Structures are given as C-alpha cells and as structure tokens.
Amino acid sequence: MLIQLVWTSAQIDYTAAFVNAVVEEEIYVDMPWGYKKEGHVLKLCRSLYGLKQSPRNFFHHLSDKLQKVGMTASKNNPCLFFTNKVICLVYVDNYLFFAPKQTDIDELLDRIRGEGMVFNIQNDAAGFLGVSIQRNEKNQTILLTQSGLIDRIIEALGLEDATGVESLTEVAPFRKDLFGEEGNAAFNYLSVIHMMLYLSSHSQLDIQYAVSQCACFSSNPKASHKAALKRIGRYLRETRGKGRLIVAAVEGLWTSKKPDDPDCTRSCTGFVITLCNCPIIWA
C-alpha cells in the first residue's frame with residue numbers, strides 16, 4: 001500500500017520502553033548491589049526488562065497514549081491504530097507510521113511527545129525491513145535491493161577482495177558428502193545462512209534454491225558446502241546492485257447486466273491484485 005499509493009513513512013523506537021509502563025500487580029524485588037539494606041526490599045512501580053508481563057504492560061500504556069492523541073484501535077487487529085490521515089503499526093517497542101504527507105506524521109508525533117513519550121525517529125519502513133525501495137514513476141515499477149545486507153555477507157565470508165562470478169553453482173544438487181573433507185573456513189556457517197535466507201526472501205529470489213541446498217547441512221557442513229556458500233557470496237558480489245523488480249496492478253472485474261439479481265453472477269463485483277502480472281489476491 002505504501003508503495004502503490006506513494007505515501008511516506010516513519011519508524012520510531014521508544015527509549016527504555018518497558019520501564020515507562022506502570023506495574024499493575026504488587027511485586028517486590030531484592031535491592032541491587034551497592035544499595036543493600038538488611039531486612040528491606042524494593043516495591044516495583046514500573047515494568048522491568050525480563051518481567052514476563054512487561055511487553056503487555058507497555059502495549060497498554062502506549063495504546064492509551066495513542067488514543068489520547070486521537071488514534072483509534074482497529075477492532076480486527078489490536079496492533080493497528082489509525083486516524084483520518086495516519087496509520088500506525090505496532091511491533092513491541094517499534095512503530096511504523098504511514099501517511100500521504102510527511103507533515104501529517106510529524107504533527108502526530110509532536111502530539112505523542114506532548115503526552116510524555118520519549119522516542120527516536122530512526123528511519124522509514126524500508127529501513128525497518130532493511131530493504132531499499134526505489135520507485136520508477138515512469139515505468140510504474142518498484143525495485144527492492146539490500147546492498148547493506150549483501151555487504152555484511154561478503155564481509156562475513158571474507159570476500160572483500162574476491163572476484164565476482166555470474167553463476168550460482170558449478171555442480172549438481174548437493175549430497176551429504178559423508179566422507180568429505182572437514183570445513184575449516186573462518187566464518188560462522190549458520191549465521192551466513194540466516195542472512196542469505198532473509199536476503200533471498202525479499203530481494204534476491206534467484207539464490208533461494210542454492211541457499212536452501214546449503215542450509216540442509218547447517219549442522220555439519222563440509223568443506224564442499226562452505227565452498228558452495230562462498231560461491232553464492234561471490235555471485236552476490238557480482239550482482240550487488242540488482243534486486244527484485246515488481247510491477248503491481250489492481251484490476252476491477254464487474255458487470256451490471258443484472259445488478260438487482262442476487263442470484264445472478266453477472267451482478268457480482270470483484271477484483272484481482274496481480275504481482276509481476278501474476279494474480280495473487282482475488283475476490
């Protein structure tokens with residue numbers, strides 16, 4: 001929706017979020033080191049990180065603040081708030097705001113500050129996801145790239161000075177390689193797999209199969225598997241500036257030959273949402 005409607009967005013992170021919420025129960029804790037006093041304990045007035053009810057307490061605290069500044073909670077999704085100009089999505093202590101104009105978001109954030117909430121404006125929705133969104137209004141296309149994550153992968157694999165390659169693999173699908181040489185590469189195999197899986201699900205769909213093959217051997221990777229992972233890293237180095245190209249469209253399907261006849265399919269109205277010219281949602 002953000003991309004299709006060309007809206008603006010902002011991501012905010014609340015400072016020391018959980019300790020802003022009041023504790024509803026009666027809880028006592030030991031005094032911290034350096035402040036010990038025999039026979040005394042402290043009564044907890046605010047939520048602490050590590051307390052299982054802290055996320056819930058903070059959500060109720062912030063929900064009250066958002067409603068005080070004029071936002072309404074969705075009946076279908078308690079983590080969705082909205083006004084006639086701004087939409088807010090809640091994820092623990094991170095919040096995404098969407099609006100047609102940046103001034104609409106700025107005015108709302110000023111009102112939230114007025115309620116005593118302290119937060120940092122970090123980035124937009126793309127920064128929250130770690131995905132760069134580039135719009136081409138002329139061609140009506142959207143390009144998703146993750147060059148920052150690719151750089152992290154290349155650094156983790158030690159391929160800063162390596163030569164890039166234009167193909168992902170050199171061999172057929174992997175086997176267990178039970179008697180293969182033990183891998184001694186100086187990188188965390190599982191960590192790189194996790195980064196590549198996130199990359200392949202958003203902007204680099206062409207590496208999905210190769211990464212899934214390497215992921216099958218995360219518990220006991222051999223030298224051949226680590227070499228294959230480095231091969232993917234070299235491919236990413238070669239294709240760093242490329243990404244996922246999206247052409248989104250909404251097409252209406254309707255007819256009005258018999259609009260007053262509820263039993264006739266010709267009186268129905270529907271829609272189809274396509275992604276890359278493929279229907280993904282319809283009704």
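1. A quick term before we start: axes here are lines fitted to C-alpha atoms, for helices over the stretch in contact, and angles run from 0 to 180 degrees between N-to-C directions. Helices (H or I, at least four residues) and strands (E, at least two) are DSSP runs, numbered from the N terminus.

2. Keep in mind that this is a predicted model, where local features need pLDDT of at least 70, side-chain atom pairs count only at pLDDT 80 or more, and totals for chains, interfaces and linings use all residues. Residues are numbered from 1 along each chain as its sequence is written, and side-chain values use heavy atoms, with hydrogens and water left out.

3. Have a look at helix 6 (residues 189-202) and helix 7 (residues 208-215): they pack at about 155°, and their axes are 10 Å apart. That makes helix 6 roughly antiparallel to helix 7 (the label for angles over 145 degrees).

4. Who meets whom there? From helix 6 come Y189, I193, M196, L197, S200 and S201, and from helix 7 come Q208, V211, C214 and A215 (contact means heavy atoms within 4.5 Å). By class, this contact has 7 nonpolar, 3 polar and no charged residues.

5. Now the sheet: 6 strands make an open one, ordered 4-5-6-7-1-8, with antiparallel pairing (two strands pair if DSSP finds at least two bridges between them). Strand 4 (72-73) and strand 8 (119-123) are at the edges with a single partner strand each, so one side of each has no neighbour in the sheet.

6. Strand 6 (residues 87-91) pairs with strand 7 (residues 94-99) over 5 bridges, in the antiparallel sense. L89 sits opposite L96 in strand 7.

7. Finally, helix 2 (residues 54-68) lies across strand 1 (8-14), strand 5 (80-82), strand 6 and strand 7, at about 15° to strand 5.

Definitions and conventions: Parallel < 35°, antiparallel > 145°, perpendicular 65-115°, else oblique. Nonpolar A, V, L, I, M, F, W, Y, C, P; charged D, E, K, R; others polar.
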